[in-house]
Amino acid sequence: MAKTPKSSSKASGGETHQTAGNLDTAVLTTNHGVPISDNQNSLKSGSRGPTLLEDFVLREKIFHLDHERIPERIVHARGSGAHGIFEATDDISDLSRAAVFTKGEKTEVFVRFSTVAGGAGSVDTPRDVRGFAVKFYTREGNWDLVGNNIPVFFIQDALKFPDLVHAVKMEADRGYPQAGSAHDTFWDWASLMPETTHMLMWAMSDRTLPRSFRMMEGFGVHTFKLVNAKGEAHFVKFHWKPRLGLQSTIWDEALKLQAADNDYQRRDLFEAIDAGDFPQWDLGIQIFDEAFANAQPYDVLDATKLIPEEDVPVRLIGTLTLNRNVDNFFAETEQVAFLPSNIPPGIDFSNDPLLQGRLFSYLDTQNSRLGTTNFHQIPVNAPRCPFGNFQRDGKMQTMVPKGRANYEPNSLAAHGEEGGPRENQDTGFATVNAATSPDESGDKLRIRSETFADHYSQARLFYRSQTASEQAHIASSFVFELSKVEQLDQVPDRMVANLRNVDDDLARRVADGLGIDLPKKAPAARAPIDMPPSDALSIHKNMQATLEGRKVGVLIADGSDAGELAAVVAAVKKAKGKAVIVAPKVGGAKLSDGKQQKADGQLAGSPSQIFDAVAIILSKEGCAMLVNEAAAVEFVMNAYGHLKAIGASATAQPLLDKAGVVPDAGITGIDGAFVKAAALRFYDREPSLRILA
Ligand code: HDD
């Protein structure tokens with residue numbers, strides 16, 4: 001455990017000076033505490049004369065506003081955060097000495113989910129990787145597990161990261177597109193970089209269209225190490241498994257969500273926590289040793305590779321619960337600074353060259369973003385355990401160390417002064433001393449290990465582990481994205497040539513969808529092998545038939561049956577879902593029993609893409625009115641097109657007919673069958689609705 005400073009002669013952590021902003025005074029003051037008499041009018045020379053430079057109240061207020069924004073993150077700029085607790089539920093002291101893993105230990109956490117490519121003000125639902133960054137405030141210092149919702153990455157070496165970022169972000173000359181990879185420069189670069197192929201498979205799958213942050217997995221991506229009290233190390237991969245199961249939207253739904261609600265996922269997270277429906281994930285570990293690592297056809301230090309769960313099962317060792325929304329978005333979600341280099345004793349890095357580069361980048365970027373090396377003093381970043389050392393000064397220093405002890409070693413204690421904290425070889429972080437690289441020569445080489453050369457086997461593994469519907473989505477996304485390559489004719493050809501190494505059927509579907517000839521297979525640095533399919537890689541095979549955490553939109557109008565409405569609302573609630581009543585007017589509708597039912601949302605502003613299933617409760621007259629309302633027809637048509645359950649009163653049939661609904665297992669009456677169906681998606685419906693690649 002980190003040594004606790006004994007006296008006040010040095011900076012001490014956890015006591016970062018915090019004020020509640022201007023809320024701790026009844027009187028409005030300036031930032032320097034001067035009471036303000038008038039917050040409506042600037043100081044003028046006469047009632048209609050010029051404003052005076054002397055007006056320090058005006059100048060301070062405008063000056064502060066002018067500087068309210070800070071540079072946004074170069075990647076992962078748009079994010080949503082929340083506080084929570086991690087509880088260790090299994091004893092792994094044989095593997096790690098980290099206090100955070102002591103069975104029963106509860107550790108405060110802050111989590112930030114994000115998209116990658118878009119700016120801070122971009123939408124929540126583009127096709128994009130999601131960041132899943134967790135800061136554990138452990139009693140031995142902060143541990144930041146800065147992962148994604150995908151277990152592999154685009155590149156193998158950190159030296160390529162700036163190229164990836166430049167290629168995917170908006171194009172340098174035109175400043176678009178925002179938050180999307182479907183453009184020339186991304187595919188130009190990706191098609192020239194075969195090591196991206198595995199990640200591209202994930203990116204083109206529905207993994208990049210999560211229904212909610214609460215319904216996606218998280219991964220530490222790299223191989224790390226766990227180190228026990230004896231100093232013995234094991235390799236580890238970290239996984240987050242969502243308690244609500246995996247669920248994604250489909251592409252058309254994601255596009256329409258962008259139109260319906262820019263903040264769809266931020267709102268979803270905030271509202272769930274606000275309502276006490278605390279999202280939970282289990283932390284899982286895959287543990288393996290050097291012998292296992294050496295026996296695999298891939299290198300465990302290569303971040304473009306995963307370890308199939310069938311080969312090394314995921315052992316659940318703790319639970320993360322998000323139970324508190326931030327009080328202030330800027331102070332917490334914007335200023336939180338994650339550092340993969342934040343690691344407590346008992347966990348260690350591997351030699352993964354991508355991870356090694358990250359250890360530099362994040363520390364550096366926080367200085368540029370937050371403007372000071374003292375960003376660790378910002379409350380959301382400060383350790384919750386005591387911390388102290390001899391680092392001093394710098395911009396925005398908020399700690400006030402006393403005395404002369406600002407160097408080590410010192411003999412001030414002999415003089416009766418406080419000498420300050422000292423290193424401790426027993427409790428301090430000690431890098432595990434074990435070679436992990438197959439090449440242990442120690443020669444300085446600017447080189448990629450031969451063991452990183454296979455770029456296609458795991459891409460093939462991923463594709464072949466998907467359901468037919470998921471494969472069709474992947475092929476269609478490649479077609480869509482490559483169709484958006486407008487000026488570089490060579491790119492689609494080159495990409496499909498790479499895909500021929502993954503799966504010829506996939507390559508053919510993409511070539512067909514693009515209307516190009518199947519190109520010759522690209523030469524592979526190493527010939528791909530077939531690996532046994534892994535069910536863990538499919539979303540559809542890991543969904544849960546549940547309404548928990550989901551929303552059902554219930555469309556009503558004047559004359560809707562009060563009994564049917566009450567039954568649906570009660571049944572959805574019993575299934576732990578949320579019924580949201582939608583009506584043409586937000587004031588609601590007069591039901592069959594003559595009572596006025598208030599609506600939660602107005603029809604035009606509450607389209608069905610924001611729901612997981614819909615119930616259409618309409619009288620004959622109500623239906624006759626709504627068949628002429630495009631928003632109502634689209635409500636049904638999109639629910640059907642997005643493969644959702646539709647429960648409808650018999651008298652609502654004309655609206656279903658107008659929306660082109662053809663009966664299937666997902667189309668029910670307003671009865672028990674509806675709530676069961678509402679917990680599912682009907683992927684079998686899709687081939688009859690759209691031409692997939
Ligand atoms: Fe990164 C942010 C995840 C590779 C450099 N990254 C960032 C965030 C996440 C990840 C979730 C947002 C953290 C937050 O919410 O504030 N990054 C990853 C994963 C990677 C990865 C899972 C590969 C396994 N990143 C990576 C590399 C580099 C960076 C190789 C540079 C060498 N990442 C950054 C950064 C960011 C960042 C530029 C931008 C904002 C920040 O750090 O705090 O330093």
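**View 1. Strand 4 is mostly covered in this predicted model.** Eight of the eight residues of strand 4 are buried, where buried means under 20% relative accessible area. Strand 4 spans residues 141-148 and gives two or more residues to the shell around the ligand.

**View 2. Strand 3 and strand 4 run antiparallel.** Eight bridges join the two strands, and a hairpin of two residues leads from strand 3 to strand 4. One of the pairings sets Ala-133 against Val-146, its bridge partner in strand 4.

**View 3. The ligand sits among 22 residues.** Of these, Arg-73, Arg-112, Arg-358, Tyr-362 and Gln-366 come nearest. By class, the shell holds 11 nonpolar, eight polar and three charged residues.

View 4. The elements that give two or more residues to the shell are strand 3 (130-138), strand 4 (141-148) and helix 9 (353-370). Helix 9 gives the most, with six residues.

**View 5. The annotated region covers residues 29-416.** The unreviewed UniProt entry places the feature "domain: Catalase core" there. Over residues 29-416 the chain is 22% helix and 19% strand. The end C-alpha atoms of this stretch are 43 Å apart.

Technical notes
Residues are numbered from 1 along each chain as its sequence is written. This is a predicted model: local features need pLDDT of at least 70, side-chain atom pairs count only at pLDDT 80 or more; totals for chains, interfaces and linings use all residues. Side-chain values use heavy atoms; hydrogens and water are left out. A residue is near a molecule or strand if one of its heavy atoms lies within 4 Å of it. Helices (H or I, at least four residues) and strands (E, at least two) are DSSP runs, numbered from the N terminus. Ala, Val, Leu, Ile, Met, Phe, Trp, Tyr, Cys and Pro count as nonpolar, Asp, Glu, Lys and Arg as charged, and the others, Gly among them, as polar. UniProt positions are given in the numbering used here, feature names are shortened, and annotations may be inferred rather than shown by experiment. Buried means under 20% relative accessible area, exposed over 50%, partly exposed in between (1.4 Å probe, protein chains only). Two strands pair if DSSP finds at least two bridges between them.
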